Amino acid sequence: MTTAPDLPACFRFVLVRTSHPGNIGSAARAMRTMGFARMELVAPHKFPDREASALAAGADDVLEQAGVHGELVEALAGSSLAFGLSARRRGVNLPELTPREAAAQALAAAQRGEQVALVFGNERTGLENEELARCHAMVRIPSVEDFSSLNLSQAVQVMAYELRVALLGEHLPAPPPVHDEPPADAAQMERFFEHLAQMLDDIDFHKGRAPTTIMLRLRKLFQRVQMDERELRMLHGIFADAQRMARLAGDKK
């Protein structure tokens with residue numbers, strides 16, 4: 001008999017380059033009030049800190065268990081679905097969801113036993129395009145256009161609330177798995193994109209042109225597909241063969 005997943009434990013809140021430790025504490029409080037405990041911090045300006053503990057208002061367990069990472073990909077490791085929160089439409093062409101739509105998709109993934117990440121950017125600049133490119137969709141909280149920027153902990157509270165509502169209303173059977181094998185997680189996808197970029201260089205695909213735009217588009221394409229581990233292995237094999245043929249062609253010159 002398959003054990004049902006612990007749904008709240010399937011969600012992680014990832015705070016990227018947070019400037020003010022108080023916002024980390026307030027975000028921890030917002031998460032804890034809705035029943036969530038997993039926080040991942042990426043290059044926080046200052047943590048741990050007394051101000052974070054003070055504004056957590058008792059959510060000390062969230063802060064004590066928070067992971068601290070140097071890079072976003074480390075904080076996403078193990079997750080197969082990531083939503084990037086942004087107040088502005090960015091240059092990265094991602095599907096755009098409301099918090100409620102994102103919560104519904106996140107719940108469906110959690111019911112399948114997948115790990116889901118909610119990614120929040122720096123208080124002043126938000127998520128950079130490169131950070132959003134590591135997400136499967138962008139979430140915009142529908143605030144008014146002339147004053148759209150929420151405090152970081154307020155954005156965390158909105159998403160935690162929507163996830164809580166989705167969990168409370170959860171009464172349908174878990175949706176069937178999308179893949180025969182486990183879905184590729186963020187770390188596996190990052191290694192895949194590194195291999196893809198190297199293979200394109202080896203076969204001289206770019207022919208002197210900057211690879212940035214094409215790699216962003218390829219990221220979008222493969223993130224949308226949400227590949228499983230077998231599909232990744234197959235593509236790694238194709239890339240390796242292409243690289244081998246490029247080496248052989250170069251040796252014959």
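The model is predicted, so local features require pLDDT of at least 70 and side-chain atom pairs pLDDT 80 or more, while totals for chains, interfaces and linings use all residues. Residues are numbered from 1 along each chain as its sequence is written, and side-chain values use heavy atoms, with hydrogens and water left out.

Select helix H1 (residues 21–33) and helix H7 (residues 152–168), which pack at an angle of about 15 degrees with axes 8 Å apart. Helices here are DSSP runs of H or I with at least four residues, and strands are runs of E with at least two. The axes are lines fitted to C-alpha atoms over the stretch in contact, and angles run from 0 to 180 degrees between N-to-C directions. H1 and H7 are therefore roughly parallel (an angle under 35 degrees).

Next, display the contact residues (heavy atoms within 4.5 Å): Asn 23, Ser 26, Ala 27, Ala 30, Met 31 and Thr 33 of H1, with Leu 152, Ser 153, Val 156, Gln 157 and Ala 160 of H7.

Centre on Thr 33 in H1. Its side chain reaches the backbone oxygen of Ala 30 at 2.8 Å, and a polar contact of 3.5 Å joins it to the side chain of Gln 157. A polar contact is a pair of N or O atoms within 3.5 Å; within protein, one must be able to donate a hydrogen and the other to accept it, and residues adjacent in sequence count only if both atoms are side-chain atoms.

Finally, move to Ser 80, in the loop between helix H4 (72–76) and strand S4 (81–85). At 6% relative accessibility, Ser 80 counts as buried (under 20% relative accessible area, 1.4 Å probe, protein chains only).

Definitions and conventions: Parallel < 35°, antiparallel > 145°, perpendicular 65-115°, else oblique. Buried < 20%, exposed > 50% of the residue type's maximum accessible area, 1.4 Å probe, protein only.
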